[in-house]
Structures are given as structure tokens and as C-alpha cells.
Amino acid sequence: MGAAGAVLGSGLWTPARADDDNESRCGVPLPITYTHPTPTGPPIHHYFPGPIDGSAAATDPFGTHPEGRDPSLITNFSGVVGEVDLTFSGTATDTNTGAKAGYSFHTDTRFMRGEFIGSDQQRHKGAFAFI
Amino acid sequence: MSPLGPHSYDPGIAPSLLVWTIEIPEGSIEIDLNNAEATLHLENVCRVFDAFTVPNSFDTHHPLGLVSAVIESLSIHWTGISKTLSFSNGKTFRGDFIQSVAAPISVTVSTPSTTPPFTPAAQDGFEFVADPATTVTNFAQIGQEHNGSLF
């Protein structure tokens, strides 16, 4: 008790407030309801990139979506979104040997910033990246 | 297949089932819809894994292993107007979006060298630096939307 008392009395320890920062927020953002299958795991809550009206797109192997193709990963969301489907290349390095080689990637990356209602049924603000 | 092996970066799936999504500082995003421009800029993102392949990421057993990696920097810049599109399904989703002409990406990412049990066999470390000039924009859009109970 002595050590704990010393810490508590020193002013070095303060209890976290629920609204101090995002790390201490109790509610978490929830996923959109739409799901599609994956080759090796359970279905995931995600639309492939493409026009928001759900029309056919080369970037979406699951065809058309009359309900619309929501680019947000988060439901109960209102805000701005950016979405890309990109292929690109560059230089890769084996950091043990120093060997270098050309390397290519494909990415579906997005951002979301705005308000959402989280799992705590409360409205929050936040910014998110889908990587 | 590169002689440096497969690499695939994502933050994993949250207990809420939110897919590959992390919270970021609000200042990481700049967006100007009037000028059809936006930028996402991230640095030192260590809440990502190298899952090596997408199927391995989705497999809850991760047979190829799963190790923490670092996105040292990532920037994407959306520019231009290819098309504008508004849509509402009347119930759960509506939005107004600008399909961009291009969205070049700059990214530097690294994976440390690994040993079992984090990967089935020891693997050398890996670093990748993208050349933004090689970016092929298959699809890009920015806009605003409302979904779910905030429809």
C-alpha cells in the first residue's frame, strides 16, 4: 500500500477520462452490413471499389449492387470518404543481404472522416484509414 | 513472384468485424471537394501486419505467419474529375462522389526479419519503396456520404 499510496499522492497518476482521447473511447465503429465471401476465411464486411450507384466495375468481382456500393467500411457514418484501387511498383530490399529487386503491389486504400455512431450507441467523431 | 517473397500489409480484422481499418489523426486527411482534390498522408503506422498474402490474412490460422510491420510513410493524392455521381437507395446509403482522374501513391513499408514461431521458417527483413510514377489508377473517388442510422 505504501508504494501505491506514494504514487497516488504524488500527482503523477491521474485517472483516464472517458473523453480524454480516442484510445479511451468505449464505443468502437461498427462495420457496414454487406458482406462477401473470402477464399480462406469467413465473409467480410466490404464492397470492392467502384461507382457508388453499384453499376458494374472492373474492380469489383461481385458484379452489380442495386442497393449501392458504399465505399465506407463503417456503418452509421456521415462524412467524407476517399477510395483508390491502384497498382504500382518500386524497389524492394532484403534488409539482411542488401539484395534489391523490382516489386509490384496492388492496393485498395481508403479514408473516412466524420461522425459515426459506435457500438456504445453514442455519436463520435473520428478519422480512419482502410489499408 | 519476386525473389524477395510475397508481402501483404493490413491491420487485421477487429473483434467488431471492422475490416482492415485503423483510426488515424484527423489531420492525416486533407480534402477539398470544390477543387476535386484530397490527400491521405500517414507516417509510422505500426498497427499493421505483414500477412504475406491476402488469403493468409483472411485465414484465421495464418499458416504463413503474421508479423508486425511498419508503414513508414504513405501518401495518396486524388486529383481531377473523371465523373461525378450522386446516388441514394432511399433507406441506408446516399452519397455524392467525384471519380478522380489519378491518385498517385508514395509508400515506404518494412517488415523485420523473422524467426519461428512468427513465421514457419526464418525470413530476411524486407523494405519496399514505391515509385509514384508507376501508379496505375484503376479506380479512385472522393466524396461525402451518409449511411446506416445517419442516412
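Two strands pair if DSSP finds at least two bridges between them. Strands are DSSP runs of E with at least two residues, numbered from the N terminus. The model in these views is predicted, so local features need pLDDT of at least 70 and side-chain atom pairs count only at pLDDT 80 or more, while totals for chains, interfaces and linings use all residues. Residues are numbered from 1 along each chain as its sequence is written, and chains are lettered from A and ligands numbered from 1 in the order in which they are written.

**View 1. Strands E4(B) and E5(B) lie antiparallel, joined by 10 bridges.** E5(B) covers residues 67–78 of chain B, and E4(B) covers residues 37–50. To find your way, look for Val45(B): its bridge partner in E5(B) is Ile71(B).

**View 2. E4(B) also pairs with strand E3 of chain B, residues 29–32.** Four bridges link these two antiparallel strands. One pair to look for is Ile31(B) with its bridge partner in E4(B), Ala38(B). Which residue of this hairpin takes a positive phi? Ala36(B) does, with a value near 55 degrees, and the hairpin has four residues between its strands.

**View 3. Strand E1 of chain B, residues 9–10, runs antiparallel to E4(B).** Two bridges join them. Here Asp10(B) has Phe49(B) of E4(B) as its bridge partner.

**View 4. Strand E8 of chain B, residues 105–111, has a covered and an uncovered face.** On the covered face you will find Ile105(B), Val107(B), Val109(B) and Thr111(B). Ser106(B), Thr108(B) and Ser110(B) make up the uncovered face. E8(B) is joined to E5(B) by six bridges, in the antiparallel sense, and to E9(B) by four, again antiparallel. Ser110(B) is a handy landmark: it is the bridge partner of Val70(B), and its own partner in E9(B) is Glu127(B).

View 5. Follow Thr91(A) to its bridge partner in E9(B), Val129(B).

**View 6. Chains A and B meet through 64 residues of chain A and 65 residues of chain B.** Residues are in contact here if their C-beta atoms, placed from the backbone, lie within 7 Å. On chain A, strands E1 (77–94), E2 (100–117) and E3 (123–130) each supply at least two residues of the side that touches chain B. The largest share, 18 residues, comes from E1(A).

Methods:
Two residues are in contact if their C-beta atoms, placed from the backbone, lie within 7 Å. A residue is buried if 20 or more other C-beta atoms lie within 10 Å of its own, exposed if 12 or fewer, and partly exposed in between; C-beta atoms are placed from the backbone.
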